Amino acid sequence: MGKVSPDELVHGDHIYSYRRLYSYSHHGIYVGEGEVIHCTKTYESRPSFNLKGSCTCGFDPNKDHGVVKTCLQCFLSGQKLRRVEYGVSSKRLLLKRAGTCSTENSNEAKTVLDRAEKLLREIPLANTIWSLTTVKALLGIA
Ligand SMILES: [Zn+2]
């Protein structure tokens with residue numbers, strides 16, 4: 001797990017950032033085109049999103065809760081972008097130093113994206129912030 005630059009992201013990446021002085025982490029799936037599917041909770045809206053009113057991506061932290069698709073900036077809310085590295089998720093692993101990646105295997109990006117889009121449509125996880133465990137389940141890692 002480590003910091004990553006937005007231009008290094010590929011769709012299907014499991015990304016996260018820390019909130020409230022590292023008290024918890026906010027997880028999501030990068031879906032390409034600068035957009036992220038993630039889950040927000042009512043009470044965290046004000047403090048954890050640096051937004052007044054709605055964003056140009058359409059996200060309004062005062063109205064939109066549950067599973068949402070927003071721009072990367074809304075997802076990060078001023079925090080550093082980090083990515084969870086999975087075993088065979090990409091050939092970029094070859095470029096990473098040993099020890100910086102998980103040995104777990106992620107599902108194919110398309111499967112992950114299909115699941116994320118499904119969650120976005122059905123919103124079964126409304127009012128539940130996606131945890132590392134939630135996203136791992138989404139990625140098919142038990
Ligand atoms: Zn936005």
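Pro-61 is buried, because 24 other C-beta atoms lie within 10 Å; a residue is called buried if 20 or more other C-beta atoms lie within 10 Å of its own, exposed if 12 or fewer, and partly exposed in between, with C-beta atoms placed from the backbone. This is a predicted model, in which local features need pLDDT of at least 70, side-chain atom pairs count only at pLDDT 80 or more, and totals for chains, interfaces and linings use all residues. Residues are numbered from 1 along each chain as its sequence is written. The protein chain contains four helices and six strands, where helices (H or I, at least four residues) and strands (E, at least two) are DSSP runs numbered from the N terminus.

**Confidence**

- The average pLDDT of the protein chain is 72, and 58% of the residues score at least 70; pLDDT is the predictor's confidence in each residue, from 0 to 100.
- Residues 88-103 have a pLDDT below 50, and this stretch has 16 contacts in the model beyond near neighbours in sequence; two residues are in contact if their C-beta atoms, placed from the backbone, lie within 7 Å.
- By element, the mean confidence is lowest in H1, at 48, and highest in S6, at 92.
- Where pLDDT is low, predicted coordinates should not be read in detail.

**Overall organisation**

- Along the sequence, the elements of the protein chain follow the pattern β-β-β-β-α-β-α-β-α-α.
- The protein chain has 142 residues, of which 27% count as buried.
- Of the contacts between residues at least 6 apart in sequence, 61% join residues at least 24 apart.

**Sheet**

- An open sheet is formed by six strands in the order S1-S6-S2-S3-S4-S5, with antiparallel pairing; two strands pair if DSSP finds at least two bridges between them.
- Strand S1 (2-3) and S5 each have a single partner strand and stand at the edges, so one side of each lacks a neighbour in the sheet.
- S1 runs antiparallel to S6 and is joined to it by two bridges; Gly-2 stands opposite Arg-83 in S6.
- Strand S2 (residues 14-19) and strand S6 (residues 82-83) are antiparallel and are joined by two bridges, with Ile-15 opposite Arg-83 in S6.
- Six bridges connect S2 to strand S3 (residues 24-32), again in antiparallel fashion, and His-14 stands opposite Ile-29 in S3.

**Nonpolar core**

- The largest nonpolar core has 17 residues, and those with the most contacts inside it are Ile-29, Tyr-30, Val-31, Val-36, Ile-37 and Ala-116; such a core is a set of buried Ala, Val, Leu, Ile, Met, Phe, Trp, Tyr and Cys residues joined through C-beta atoms within 7 Å.
- At least two residues of this core come from each of S2, S3, strand S4 (35-40), S5, helix H2 (72-76) and H3.
- Leaving aside residues up to four places away in sequence, Val-36 touches Ile-15, Gly-28, Ile-29, Tyr-30, Val-31, Thr-70, Leu-72 and Phe-75.

**Individual positions**

- Pro-61 is found in the loop between helix H1 (45-48) and strand S5 (66-71).
- Pro-61 and Cys-74 are 13 residues apart along the chain, and their C-alpha atoms are separated by 9.0 Å.
- Glu-117 lies in helix H3 (residues 109-122) and counts as partly exposed because it has 15 C-beta neighbours inside 10 Å.
- Glu-117 and Ile-37 are 80 residues apart in sequence, with a C-alpha to C-alpha distance of 7.7 Å.
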